[in-house]
Amino acid sequence: MTDLSLSPKTPARPSALAALKARLAAPPAAPKRVQFDRPLMPWLLLAPQLAIVAVFFYWPSAQAITSSFYLEDPFGLGSSFVGMANYTDALSSAEYRKIAAFTVFFAAVVAALSLAIGMVLAVKADKVIRGRSAYRTALIAVYAIAPPVAGLIGMMLFDQHIGPLVRFAALFGWDMKVGLDYWDTAIAMIVVAVWLHIPYNFIFILSGLQAIPAAVREAAVIDCASPLRRFLTVVLPLLTPTVFFLTIINLTYALFDTFALIDVMVKDKPANNPMTLVYKVYLDGFRGNDFGGSSAQSVILMVVVLVLTLFQFRYIERRVHYG
Amino acid sequence: MASIDIENVSKIYPGSTARSVADIALNIKDGEFIVLVGPSGCGKSTLLRMVAGLEDISEGEIRIGTRRVNEVEPAHRDIAMVFQNYALYPHMSVRDNMAYGLKNRAVPRPEIEARVAEAARMLELGPYLDRKPRALSGGQRQRVAMGRAIVRQPAAFLFDEPLSNLDAKLRVSMRTEIRRLQKRLGTTSIYVTHDQLEAMTLADRLVVLNAGRIEQIGTPLEIYHRPASTFVASFIGAPAMNLLDAEIAGNRLRIGDEVLDTPVSGAAGKVTLGIRAEDLMPADRGLSFTPDDIEDLGAQRLVHGFVAGQPLTLVISPATRVEDCRRLAPKPGALHVFDTLSGARLDLHTEHDSRPVLPVGQGL
């Protein structure tokens with residue numbers, strides 16, 4: 001039962017990530033065929049991986065799907081089949097829709113901002129010659145901070161009494177009430193989530209930039225006088241594989257990995273706080289003890305992630321230049 | 001079209017006191033094809049990149065036409081560059097690769113199309129205009145890189161070892177093509193290579209560089225026939241010129257126990273004697289030669305052996321028997337004498353090289 005809240009997380013990450021990594025790592029080549037003498041051997045070699053996938057993905061997913069059709073007793077004493085009721089309840093609830101809308105907004109803003117800021121920093125750091133490793137370390141270091149710790153640091157930065165960012169906002173006459181005001185909390189959440197994920201984008205874009213041959217950039221310097229235009233017409237198109245990869249990772253991050261962050265920021269606050277669908281799955285399942293409803297929500301998330309991944313591979317990847 | 005003047009240019013990389021390029025002075029005439037040649041690390045590419053604007057000029061001044069370009073952005077220097085690894089934009093078609101520099105300069109669209117079409121015709125790239133570079137062979141990519149330079153109609157072409165990534169056969173045909181195009185367009189060109197054969201065949205004037213300094217400037221034949229130093233002598237010409245430790249004693253050159261008949265003037269003492277492999281002929285009397293190894297190249301044979309214990313290479317016709325090469329005599333006027341310590345040429349030979357020096361570009 002404990003893996004209920006985790007079930008939407010597992011389908012998104014391993015499938016999308018594994019497929020992506022394989023695509024990014026290997027240039028399209030004919031698969032190498034290996035002949036085994038005994039037909040059992042390949043299965044034996046695959047067994048550990050298959051076992052992991054079965055235990056941590058298929059089994060919890062099956063559990064989630066099954067229990068999404070049941071109304072479960074909060075004390076685990078029994079359950080009764082309710083058909084699609086859990087789904088209709090969730091989808092018709094105004095609260096659920098509001099949270100869904102916020103999740104979309106949150107994911108889009110966090111993904112876009114952390115990508116954009118990471119890119120600006122990477123492009124600037126790429127140009128630094130003197131002391132480049134110091135700059136890079138400083139920019140990457142943030143990535144080592146665990147999300148709950150980041151949440152705590154964020155809480156401190158946005159603290160009502162001592163938070164420097166709240167005081168800074170007050171300079172402009174903005175009375176920030178993180179934990180009380182819905183949008184103030186949302187903004188604080190976005191700031192911390194973006195801050196935490198910039199280094200990830202930075203690392204990938206920097207290595208993407210360094211994979212662009214120096215001569216190609218030099219040719220562009222001779223062909224085009226404007227640095228911005230050069231970036232948009234030569235560097236950015238050559239970065240698209242990296243940007244595509246990061247877009248998916250960023251969305252996954254904003255949707256699922258911000259869980260700990262949100263937990264720290266809204267857990268002990270009064271109601272009416274912004275949260276994402278994943279956090280609501282947890283809240284309903286473990287705080288509300290509504291396992292059936294929570295399972296239905298996680299199945300909905302699974303479907304969303306599936307559609308999103310398919311869409312990205314089918315439509316966005318076509319416009320990506322590999323090599 | 002413009003002249004290029006390089007006035008006492010030096011390159012000192014940050015954090016280093018040594019000059020990677022030291023005090024280079026070179027005046028290139030409008031329409032001239034200059035080849036910078038030297039071993040790796042001699043500063044030839046650095047010098048070219050300073051002209052292009054890809055490297056800062058530490059000292060001195062570079063002028064393209066009459067304009068000082070030290071502080072001018074590469075894109076505003078009115079030059080086009082062809083890189084060793086082609087440096088094509090992988091995400092653009094051949095057409096867009098060629099048009100890119102013109103679009104950025106706000107050249108009108110019909111004009112761009114006309115120029116690209118003309119370049120494609122010249123380089124036989126017509127069928128490939130809509131392909132991406134990765135769908136082209138090495139030779140075709142190099143043509144596109146040439147095309148990208150040509151459509152710009154710049155004041156100067158800069159070539160940075162453009163043929164080193166091609167196979168030997170393609171290199172020869174592209175070399176001819178580059179030479180032909182350059183003559184036809186009449187665009188001032190600087191071409192960097194470490195291949196002395198490319199240098200000899202392409203250049204109007206050759207600049208031989210060593211350790212950041214100019215060793216010699218001259219037409220290929222001037223340099224071939226009158227190398228200014230042992231470095232130039234050993235670098236230009238294949239097989240490399242034989243360099244032997246010798247001594248002037250009593251108006252004669254001695255190599256170990258061997259004495260050459262040719263009288264020489266000059267102070268007695270140790271010198272380095274240079275003789276090209278093709279300037280030695282079998283003779284009845286002369287240097288005694290011990291053949292060691294034979295390389296048959298079809299049209300000629302290279303015989304490696306020893307004279308007075310020093311290695312020496314000889315070129316003979318396939319008809320000549322190696323057994324006849326026991327004694328060798330240099331052709332008249334074919335001796336080069338260099339200072340042993342500085343390597344500089346000593347003009348003390350009495351029968352000075354009297355062969356006529358062919359005018360520029362004669363071979364083509």
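Start by selecting chain B and colouring it by charge: you'll find 44 positive and 45 negative side chains. The centres of those two sets lie 6 Å apart. Keep in mind as you click around that this is a predicted model.

What you get is 8 helices and 19 strands. If you look along the principal axes, the C-alpha trace of chain B spans about 75 × 45 × 40 Å.

How many of the 364 residues in chain B are buried? Buried residues make up 52% of them. The contacts tell you about the fold too: of those in chain B with a separation of 6 or more, 65% are between residues 24 or more positions apart.

Time to go inside. Nonpolar side chains tend to be buried together in soluble globular proteins. Here, select I6(B), L36(B) and I62(B): these have the most contacts inside the largest nonpolar core, which has 63 residues. Which helix gives the most to this core? Select residues 227-257 of chain A, and you have helix 10, which gives 9 residues.

Zoom in on L36(B). Leaving aside residues up to four places away in sequence, its contacts include L26(B), K44(B), L47(B) and I190(B). Carry on to Y191(B), V192(B) and T193(B), which L36(B) also touches, then finish with V207(B) and L209(B).

For your last stop, select F102(A), F106(A), M176(A) and V305(A). They are among the 49 residues of another core, which lies apart from the largest one.

Definitions and conventions
Residues numbered from 1 in each chain as written. Chains lettered and ligands numbered in written order. Predicted model: local features only at pLDDT ≥ 70, side-chain atom pairs only at ≥ 80, totals over all residues. Heavy atoms only, no water. Helix = DSSP H or I, 4+ residues; strand = E, 2+ residues; numbered from the N terminus. Buried < 20%, exposed > 50% of the residue type's maximum accessible area, 1.4 Å probe, protein only. Contact = heavy atoms within 4.5 Å. Lys, Arg positive; Asp, Glu negative; His and termini not counted. Charge placed at Lys NZ, Arg CZ, Asp CG, Glu CD. Core = buried A, V, L, I, M, F, W, Y, C linked by side-chain atoms within 4.5 Å.
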